[in-house]
Amino acid sequence: MTTHSVTWTGANARRMLRQGLAEPAKSSPTAMAAAMLGAHAQVLSAAELSLALRLDGGATRADVREALWTERSLVKTYGPRGTVHLLATADLPMWTGALSAIPSGASPMPADVRMTAEQTDEVVAAIGDALAGAELTIDELTDAIVARTGPWAGDRVMDAFQDKWPRWRQMTHTAAHRGVLAFGPNRGRKVTYTSPGVTPMESAAALSELVRRYLHAYGPATPQHFAKWLATPKSWADELFTTLAGEGTIEEVAFEGSPAWVAAGDTAFPDAPPRGVRLLPYFDAYTIASQPRELLFPGAAYERALAGGQAGNYPVVLVDGTVAGVWHQRRSGRRIAVTVEPIGAGPASAAARGELTQQVRRVGEVLEGRAELTVGRVTVGPHA
């Protein structure tokens, strides 16, 4: 029975508070990555911005890199939706246990390219063996896999960027989700892979913990929201939420008048609306996961800041918790030219313009450069 009623304003204020967006958090890059449930890192500089902009004390990209490559408290790997993320290393048992339990669906590969379940298991085992205690380039890893499985795994049959990739590479995400592959530090211009040395958590426990953490960060939310965030079948998410509700792990609330879910007992929300101006980079976790999207991207922002309905393709300006602009940065040496395009009223007041200037300055600090603000049209297209 639904006993709590939650507004968009209350939900948005709590989400921002829990992710260092209401005010910078006295935290670390690793703790913030855990709170956000990962920072999208296909473009590593965007992940560095996502994390450091949320932190108090003048954090920079160097702090993120230290956590990633020196402390190894962060790990770069394939996370939600099979995309590259920075995740807290301590959370990897949960992530691998949960992601490896998600239904994979039919392979998009042609029949003569696909791998059987047995071949998949063989390749994953070979990857785990080859990467244990090692950091290998893609060519070195291919040779190691072929040596352990046979030439079929190295057949160059996958179409990729006007090239052909070896057959085994269709299982890169699978290997990461089973806990045997992650990114190592670059060797010059070459990417390397290593083993994170993690044992996945039992799948039911991992999924329960992931849903609880997701709802803590982005709730109230529906199974459909969760399915969209993970790129999973809605029917599977419906069944998972039903199971967790029966176990008392989650509870139902009325969110803007419709049923949604929060973690059990997590029903307190702020009364005051979110305030302030924030710059969020490409594919920031907040713009990807926060729903309903039409409330986060109100009015003209829905058309301007969502490229074909895909959140994250444009860096966005948040004003009082909703998208009110897009922005772009171009670097030349230490100079970083930041162009902000307001949407609607945008950051119109003198106070909001002052906060925008401060945010641009913080972008420069995080990226260890000198940022300069121009208000005008962003002419660069969305990030593919």
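Helices α5 and α9 are roughly perpendicular to each other, a label for angles of 65 to 115 degrees (under 35 is roughly parallel, over 145 roughly antiparallel, and the rest oblique). Helix α5 covers residues 92–99 and helix α9 covers residues 203–218; they pack at about 110°, with axes 8 Å apart. Each axis is a line fitted to C-alpha atoms, for helices over the stretch in contact, and angles run from 0 to 180 degrees between N-to-C directions. On the α5 side, M94, W95, G97 and A98 make the contact, and α9 brings S203, A206, L207, E209, L210 and R213. Contact here means heavy atoms within 4.5 Å. These residues divide into six nonpolar, two polar and two charged. Ala, Val, Leu, Ile, Met, Phe, Trp, Tyr, Cys and Pro count as nonpolar; Asp, Glu, Lys and Arg count as charged; the others, Gly among them, count as polar.

A word on the model itself. This is a predicted model: local features need pLDDT of at least 70, side-chain atom pairs count only at pLDDT 80 or more, and totals for chains, interfaces and linings use all residues. Residues are numbered from 1 along each chain as its sequence is written, and side-chain values use heavy atoms, with hydrogens and water left out.

Now step back to the whole chain. The protein chain has 15 helices and 16 strands. Both are DSSP runs numbered from the N terminus: helices are H or I with at least four residues, strands are E with at least two. The C-alpha atoms fill a box of roughly 65 × 60 × 35 Å along the principal axes. The radius of gyration is 21 Å, which agrees with the value near 21 Å for a compact globule of 384 residues. That radius is taken over C-alpha atoms, and the globule rule is 2.2 Å times the number of residues to the power 0.38.

How much of the chain is buried? Buried residues make up 53% of the 384 residues. Buried means under 20% relative accessible area, exposed means over 50%, and partly exposed lies in between (1.4 Å probe, protein chains only). The chain exposes about 16,800 Å², and carbon and sulfur atoms supply 51% of that area. Such areas come from the Shrake-Rupley method with a 1.4 Å probe; for residues, only the protein chains shown count as cover. Contacts also reach along the sequence. Among those between residues at least 6 apart, 64% join residues at least 24 apart.

Start a tour at helix α1, residues 8–18. Helix α1 is mostly covered, with eight of its 11 residues buried. Those eight are W8, G10, A11, N12, A13, R14, R15 and M16. Just after α1, G20 takes a positive phi of about 70°.

Helix α3 (residues 44–52) and helix α4 (residues 61–70) cross at roughly 105°, and their axes come within 9 Å. That makes α3 roughly perpendicular to α4. L44, E48, L51 and A52 in α3 meet R61, V64, R65 and L68 in α4. The residues of this contact divide into five nonpolar, no polar and three charged.

I138 is in helix α7, residues 138–149. I138 is partly exposed, at 22% relative accessible area. Beyond its neighbours within four places in sequence, I138 is in contact with W168, R169, V191 and Y193. A176 lies in helix α8, residues 172–177. A176 is buried, at 4%. Leaving out residues up to four places away in sequence, A176 touches T77, Y78, T96 and L181. G128 is 48 residues from A176 in sequence, and their C-alpha atoms are 9.7 Å apart.

Last come some backbone details. Most residues other than glycine have a negative phi, and most peptide bonds are trans. Where are the cis bonds described here? One runs from G219 to P220, with omega near -5°. P220 is in the loop between α9 and α10. Another runs from Q291 to P292, with omega near 0°. P292 is in the loop between α12 and α13.

F283 has a positive phi near 50°. F283 lies in the loop between β12 and α12, and is buried at 13% relative accessible area. D320 also has a positive phi near 50°. D320 sits in the loop between β13 and β14, and counts as partly exposed at 33%.
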